[in-house]
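Reader: I should like to learn how to read the features of a structure such as this one. May we take them in turn?

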Amino acid sequence: MPVSAIPEVGNFALILAFCLALVLAVVPMIGAARDNVLWMNLARPLTAGVFVMVSIALVVLGYSFVTDDFSVAYVANHSNSQLPLQYKITAVWGGHEGSFLFWTWMLTGWMVAVGVFSRALPNEFVARVLAVMGFITASYALFMLATSNPFDRLLPLPPGDGGDLNSALQDFAFIIHPPALYMGYVGFAVVFAFAIAALLSGRLDAAWARWCRPWANFAWAILTLGIALGSWWAYYELGWGGWWAWDPVENPPLITWLLGTALIHSLAATEKRGVFKSWTVLLAILAFAASQLGTFITRSGLLTSVHAFASDPTRGVYILGFMVVIVGGALLLYALRSPMMRSEFGFGSLSREVFLLANNIILVVASAAILLGTLYPMVYQAMSGGNVISVGPPYFNTIFLPLMAILVLFLGIGPVARWKRTSMAYLRQQLTKVAIAAVSLGVIIPVILTLGLPIGAIITTVLAFWVLFSMIRDIRGKIANKSSTLAGLKSLTVSYWGMQIAHFGFIVLMSGAVLTSIYSQERSVLLQPAQSAELGEYTFVFQGVEGLRGPNYNAQRATINVVKDGEAWMDLYPEKRLYLASNSPATEMAIDGRFLRDLFITLGEERSQGAWSMTIHIKPFVRWIWLGAIFIALGGIVAITDKRYRRFRLKQAAMDQADNTRRQPPAGEATGAA
Amino acid sequence: MMKPHRKKRLSIILFISAGLAIAIGLSLYALSNNIDLFFTPTQVANGEVEPGRRIRVGGMVKEESIQRTDESLDVRFIATDYNHDVTVQYSGILPDLFREGQGVVAEGSMSPEGHFVASRVLARHDENYMSNEVKSALDAAERDREAMMQQEASN
């Protein structure tokens, strides 16, 4: 087969992307500092150029996968001629080099979005934001070119066929999980760039918070979905029946998410009341740092994890260096500029601001505790001269669960409390009935259902009802004076609905997570054909195993009849697959997912005489975890559609125009420069 | 007399510091109770492990050491660093990529009889990847062997 030159086009595009990104990082930044409109105006075209170049590189890599160009080392390592087409395409992000290219592409996509949707923002501000993001892109591109080029070739002797995509990745969720996760993750680079631009320009006011909020909300909503998809995928693909393992690579996205959650709440206070300014900026920097930490952990091979890519110390050193430069630089800038970030302190000791502060403290403490548990094995190994330890889920649960319980307790009060000052009498009047109802129903329902005194379930249901009833009370209070309920509901703002939807999602997620942890049942059994096992109210009858042939694997599929109350309920078909190219086995779970519970069967291995080992799980409420996450993300997205972000843009645009005409070009630079 | 807003700021800072101190204290306490130490087969053979304590043991699954029973889910295999062996007992389903001659990490505790009773068995997740723990165990064992060889040579 003649060797294709197409991959070199990708390589070249990547080099060009690096050069353009470097220019983008420097020229508009200097332009903004020197008030040079021409230089500032280069930001948008350069951004478009970087985006086009990285897109070309990505498309070329995809093309190499689809055409089975095994002269490209990355393709040879992560694909195979027998791999189904959809997985050939998604194999682009199936390994270290390609996923980094994909990640960089996501970043340039965000940059283009910033360029397009920021027409109403001051020119100087946009130039700075894009320059900061250009700097990040340039670092990523350099990282790829220097240590992990996806276009490295295996020449002059390319292999005849590829080594195949990891079988756990040959799955639908893998098509959508990494894009969503990366998009959310990278989105925090936008907020970071906004924060840096604000620090540089000295403009840190309610308007800044208003520009920031839609981006922060959107990145956060997508990250929510990305993490939830990862959890769902782990649940049905990895086969141990869990949905969260406190794995060192799951933790950084969660830390980013928790800091992001703190950020969007703090931004709300900054926009509405002009408080917590410096804190908000710090959170924006920290959330981005957490996302970089995730990159560092997955790609340096320092930690043992499901997600770790093949380890390579030079990569780790590079990423660590980048983190030190960008996060360290940002913190230095922050320290230098902190005198300018004076917040007003005009709020009482009982006010919505105080509850938002409590929210922020809890979330940051939770993040710090998770960070400690994630990095501790690394630190311990270094300090003790090579002793290896691991920090297990009990640590994380001990810290995280009580913190979340306190958070939810405040979640019932915060939205009801008023800005600036709330009287205790007002809160009591609003929430006494809510508290009584939540406690009585929250205790009675679990006691009746379980005929016992399940403490964990009682705490969870009380907290869930507490938030739910407080939410209903608040909505009813807000629409009480309207002519009709419908008119009242319509009069509430979209932001308000977004908040309530997300809060509702949070309690659904919390209920699902706690209840499934308490009430899941599992049983491992060895069954001969026609033998059965019982678990909960179900009987599972094993009917034997048959061979199947898939596109790139051979499978053995078991048939299991599920019997409930003496009647056939349904059949489940767990599989054991052997992927041919890599000769790696994989388990396909059989899952019957329902609103209130999942049945979940994992096939083990064959012992003598057709007997198979298998694990049966019953997992009540497990779907609520992902359902809750969908509500949370939906809330975030609904809030972005609030009219005030658009109205502001129009107003600002009109102001800019008036400003420009008044001042006469060429002095038509942006408004609001400090 | 402090100005009111100074006073408020001070009280908020104190409030945050107190919260952080409590959280750090609790974290460290939880951490000290929930660390699983990792031991190599050599360390186990040297009797460095007290029975009953939850630990992790790792090494390579010794060739032809896997014994299964036909009546139950019990499995026995040997984890080795090629200097010393540990017999691991486990009841349940082994991970997909558990194989002879491959790295494995088991979580559990030593029985008084000197077997390792595993509550969880972890195997690697893809072809190119070996867990840090197994790698460190094998490296340590190799250093021991080299040291022994040098000693023999000098004798």
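Author: Let us begin with a strand pair. In this predicted model, strand 10 (residues 597-606) and strand 11 (residues 612-620) of chain A are paired in the antiparallel sense over eight bridges. Within that pair, A:Thr602 stands opposite A:Thr615 of strand 11 of chain A.

Reader: In what order do the four strands of the open sheet in chain A lie?

Author: The order is 2-11-10-9, and the pairing is antiparallel. The edges are strand 2 (521-527) and strand 9 (590-593) of chain A, each of which pairs on one side only. On average, neighbouring strands of this sheet are turned by 15 degrees against each other, direction ignored.

Reader: How many residues lie between strand 7 and strand 8 of chain A in their hairpin?

Author: There are four residues between them, and A:Asn583 in the turn has a positive phi of about 55 degrees. Strand 7 (residues 575-579) of chain A is joined to strand 8 of chain A by five bridges, and the two run antiparallel. One bridge to follow on the display is that of A:Tyr579, whose partner in strand 8 of chain A is A:Ser584.

Reader: Let us turn to helices. Why does the length of helix 14 of chain A agree with its number of residues?

Author: At 1.5 Å a residue, the 19 residues of helix 14 (residues 393-411) of chain A should span 27 Å, and the end C-alpha atoms are 26 Å apart, which agrees. As to the facing of side chains, an α-helix has 3.6 residues a turn, so residues three or four places apart point the same way. The buried residues in helix 14 of chain A are A:Tyr395, A:Phe396, A:Ile399, A:Leu407, A:Val408 and A:Leu411.

Reader: Is A:Leu427 buried, partly exposed or exposed?

Author: A residue is buried if 20 or more other C-beta atoms lie within 10 Å of its own, and exposed if 12 or fewer do. A:Leu427 has 15 within 10 Å and is therefore partly exposed. A:Leu427 is found in helix 15 (residues 424-450) of chain A. Leaving aside neighbours within four places in sequence, A:Leu427 is in contact with A:Ile413, A:Val416, A:Ala417 and A:Thr422. By contrast, A:Gln556 is 129 residues from A:Leu427 in sequence and 61 Å away in space, C-alpha to C-alpha.

Reader: Which residues touch the most other members of the largest nonpolar core?

Author: Among the 197 residues of that core, they are A:Ala17, A:Ala189, A:Val191, A:Phe194 and A:Ala284. Helix 9 (residues 206-238) of chain A gives the most to this core, with 20 residues. Another core, of 49 residues, lies apart from it and includes A:Ile616, B:Val44, B:Leu73 and B:Ala118. To return to A:Phe194, the contacts beyond four places in sequence are A:Val129, A:Trp211, A:Cys212, A:Trp215 and A:Ala284.

Reader: How many residues of chain A are in contact with chain B?

Author: On the side of chain A there are 37, in contact with 34 residues of chain B. Elements giving two or more residues to this side of chain A include helix 13 (352-383), strand 1 (389-391) and helix 14 of chain A. Helix 13 of chain A supplies the largest share, six residues. By residue type, the side of chain A that touches chain B divides into 20 nonpolar, 16 polar and one charged.

Reader: Which strands pair across the two chains, and in what sense?

Author: Strand 1 of chain A is joined by three bridges to strand 1 (residues 35-39) of chain B, and they run antiparallel. There, A:Val391 has B:Ile35 as its bridge partner.

Conventions
Residues are numbered from 1 along each chain as its sequence is written. Chains are lettered from A and ligands numbered from 1 in the order in which they are written. This is a predicted model: local features need pLDDT of at least 70, side-chain atom pairs count only at pLDDT 80 or more; totals for chains, interfaces and linings use all residues. A nonpolar core is a set of buried Ala, Val, Leu, Ile, Met, Phe, Trp, Tyr and Cys residues joined through C-beta atoms within 7 Å. Two residues are in contact if their C-beta atoms, placed from the backbone, lie within 7 Å. The expected span of a helix is 1.5 Å times one less than its number of residues. Two strands pair if DSSP finds at least two bridges between them. Axes are lines fitted to C-alpha atoms, for helices over the stretch in contact, and angles run from 0 to 180 degrees between N-to-C directions. Ala, Val, Leu, Ile, Met, Phe, Trp, Tyr, Cys and Pro count as nonpolar, Asp, Glu, Lys and Arg as charged, and the others, Gly among them, as polar.
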